Amino acid sequence: MRRALALVFFLLVWEGASRMGWVNPLFAPPPTRIATVLFELLASAQTWAHFWTTMLEALGGLVIGVVAGSLLGLAASVVRPVADLLEPAMALLNAIPRIVLAPLFVIWFGIGIASKIALSFLLVAVVIFFAVYSGIREVDPRLVDRILTLGGRRMDLVREVYLPSLAAAWLFGGLKVATGFAFTGAVVGEFVASSRGLGYLLSFAQSTYNASLTMALIVLVVSVVLGIFSGFERLERRVFRWKPALRQKQTTGLRDLLARKRQRTIPAMAARISGRSQPGPEKPAWAWILKIAERPTIRRSEFPQVPLPRLSNHEVPRCTCQGWP
Amino acid sequence: MNALEIRNLTVSYGNSPVLEDLSLEIPEGSFVSLVGPSGCGKSTLLRTIAGLLSPMEGEIYLFGRAVNGPSPDVGFLFQEDALLPWRTVAENVALGLRFRGLPNEYVARTVEEWLRRVGLLAFRDSYPHELSGGMKKRASLAQVLAPRPRILLMDEPFASLDAIVRNILEADFLNLVREEGLTALLVTHDLEEAIVLSEQVALMSAGPSARIRRIYKVPFPYPRDLVQVKGDPTFGRLLQQIWSDLQEEVSRMGWEVVRH
Ligand SMILES: Nc1ncnc2c1ncn2[C@@H]1O[C@H](COP(=O)(O)OP(=O)(O)O)[C@@H](O)[C@H]1O
Ligand SMILES: [Mg+2]
């Protein structure tokens with residue numbers, strides 16, 4: 001909410017500055033102008049043809065890249081020689097800005113959508129490969145032991161340990177980054193050489209110094225990517241209900257902490273000032289814990305650094321399995 | 001019959017043997033604790049018995065059958081509660097039963113019974129990260145015992161708990177083990193715990209090439225009042241004796257090893 005207000009304020013200032021002529025409207029056209037252009041764009045059938053071309057390239061590259069990257073990552077983590085072969089190649093591909101390969105792909109695959117899909121694919125596959133490869137290699141070995149000693153077989157291991165770890169690696173490690181890369185690949189590929197797509201429109205707008213069209217197109221691309229992200233986030237919340245971090249997100253704000261601290265301390269201070277103890281049940285159920293805590297604790301022998309422990313004969317509460325405190 | 005019989009076992013990581021020529025017998029239904037200097041190979045021994053490591057030489061028999069891989073007769077309780085973080089408490093407890101291909105209805109009933117026995121019925125749909133340390137320990141115990149193993153191997157299961165929770169859990173674990181008629185092998189570095197819970201305490205020699213150095217009989221009959229046992233003069237003498245033998249073992253190791 002606060003962020004939305006900030007955005008609105010920012011847009012208003014921009015609008016004003018642009019209209020008053022403080023900034024050159026040729027470079028920074030007012031937001032209303034951009035919005036108008038955007039609506040014109042969306043209203044024209046031609047735009048949609050370009051739009052779907054880019055979507056096809058990006059999503060095609062994303063899907064093929066995710067599948068291929070996952071399979072390669074899987075193969076590398078299961079078969080040792082495959083890892084020896086792939087890891088250096090992938091590391092090299094990861095180190096270079098892969099986008100420089102775009103012109104090469106145009107030569108290889110022509111100026112049609114194939115070269116853009118190839119570029120998206122390459123950008124995505126490398127990211128996903130590493131997410132899956134390290135995700136599987138870093139599976140908690142204790143969980144593997146756990147499943148094996150409970151009588152689980154290879155398939156159980158895959159279903160109970162490897163797939164969930166993989167899902168976490170996919171969604172947290174890779175999928176969002178990969179989506180961004182997929183659109184980067186498609187749009188940049190269209191910059192380099194194309195006759196269709198949002199990237200083509202962008203390079204056309206740029207060559208005619210049409211700032212409002214450029215910005216409208218940028219807004220369009222960004223909103224598509226953000227829309228896909230929010231879909232992933234909803235998926236994450238559904239799939240990762242077991243993750244502690246996701247659930248506690250709302251309560252970790254500094255403001256919340258301060259608020260809670262105040263809540264806790266004010267009654268306590270009031271009680272201290274008035275000299276009365278805080279209200280409570282006469283004999284709380286957990287009183288026995290205090291009774292134990294008051295006594296000297298039972299010494300534990302933690303060898304070998306600790307000297308011989310004194311014997312202890314303090315009372316330990318007996319407890320049946322039914323009545324856990 | 002012996003629940004566990006280990007003959008001339010040698011286990012090594014790479015070249016140097018961790019355990020060498022180790023032999024041990026545990027009668028069915030008895031509770032044995034295993035103590036020894038840290039790093040001497042207690043965890044290695046348990047993992048070998050559980051079929052997670054294969055020995056270089058020697059044999060291990062569980063209830064008369066040679067061990068070659070994990071066995072349904074074995075329940076293994078680790079120090080860390082290796083519950084699956086993406087499964088609820090009930091689903092975790094059901095794992096071993098499902099691996100055995102038991103009918104769903106039986107699994108559901110058994111899981112509920114075990115959750116009740118360990119007092120976690122109200123937390124059946126919680127995820128492990130929502131439980132306290134003691135609750136995770138109880139969930140782990142239910143998970144391990146639900147498929148009805150015949151021998152329970154425990155690797156320092158109470159080490160990470162605070163004293164109060166630990167005292168309560170010790171007594172309850174002992175009750176459960178006795179009720180189920182289980183054979184139990186407990187690795188611990190807490191001598192008091194070892195004596196108070198078990199019938200025999202086995203002391204391992206310092207590694208490398210560790211073996212069983214000595215076995216002490218604990219003369220208190222079950223059911224035990226753990227508090228009373230700790231106050232008994234015999235308990236004190238036993239503790240002192242094991243402690244001095246242990247110190248002798250420790251002093252045979254280098255200081256670096258001890259620190260490790
Ligand atoms: N996976 C492993 N690879 C190589 N050495 C190991 C491994 N696990 C344990 N060791 C070594 O084996 C010895 C025994 O370890 P461990 O069985 O864990 O001892 P303990 O449980 O008695 O403390 C130690 O010296 C340890 O360093
Ligand atoms: Mg250990």
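**Ligand 1 and its surroundings in chain B**

A backbone N or O atom of B:Lys42 sits 2.8 Å from an oxygen atom of ligand 1. This value, like the others below, comes from a predicted model. Two further backbone contacts can be followed in the structure. A polar backbone atom of B:Gly39 lies 2.8 Å from an oxygen atom of ligand 1, and for B:Cys40 the distance from a backbone N or O atom to an oxygen atom of the ligand is 3.4 Å. Taken on its own, ligand 1 has 560 Å² of accessible area, and the protein covers 56% of it.

The shell around the ligand is made up of 10 residues, and the closest are B:Gly39, B:Gly41, B:Lys42, B:Ser43 and B:Thr44. Helix α1 of chain B, which spans residues 42-49, supplies the largest share of this shell, with 3 residues. Sorted by class, the shell holds 6 polar, 3 nonpolar and 1 charged residues.

Turning to the helices, α2 (residues 89-99) and α4 (residues 133-145) of chain B pack against each other at an angle of about 30°, and their axes are 6 Å apart. Angles under 35 degrees count as roughly parallel, and α2(B) and α4(B) are therefore described as roughly parallel to each other. On the α2(B) side, the residues that meet the partner helix are B:Val89, B:Asn92, B:Val93 and B:Leu95, while α4(B) contributes B:Ala139, B:Ala142 and B:Gln143. This contact between α2(B) and α4(B) has 5 nonpolar and 2 polar residues, with no charged residues.

The peptide bond leading from B:Tyr222 to B:Pro223 is cis, and its omega is near -10°. B:Pro223 belongs to the loop that joins β10 (212-217) to α7 (226-231) in chain B. The other detail concerns B:Phe63, a residue other than glycine whose phi has a positive value, near 50°. B:Phe63 is placed in the loop between strands β4 (57-62) and β5 (65-66) of chain B.

Conventions: Residues are numbered from 1 along each chain as its sequence is written. Chains are lettered from A and ligands numbered from 1 in the order in which they are written. This is a predicted model: local features need pLDDT of at least 70, side-chain atom pairs count only at pLDDT 80 or more; totals for chains, interfaces and linings use all residues. Side-chain values use heavy atoms; hydrogens and water are left out. Axes are lines fitted to C-alpha atoms, for helices over the stretch in contact, and angles run from 0 to 180 degrees between N-to-C directions. Helices (H or I, at least four residues) and strands (E, at least two) are DSSP runs, numbered from the N terminus. Angles under 35 degrees count as roughly parallel, over 145 as roughly antiparallel, 65 to 115 as roughly perpendicular and the rest as oblique. Contact means heavy atoms within 4.5 Å. Ala, Val, Leu, Ile, Met, Phe, Trp, Tyr, Cys and Pro count as nonpolar, Asp, Glu, Lys and Arg as charged, and the others, Gly among them, as polar. A residue is near a molecule or strand if one of its heavy atoms lies within 4 Å of it. A polar contact is a pair of N or O atoms within 3.5 Å; within protein, one must be able to donate a hydrogen and the other to accept it, and residues adjacent in sequence count only if both atoms are side-chain atoms. Accessible areas come from the Shrake-Rupley method with a 1.4 Å probe; for residues, only the protein chains shown count as cover.
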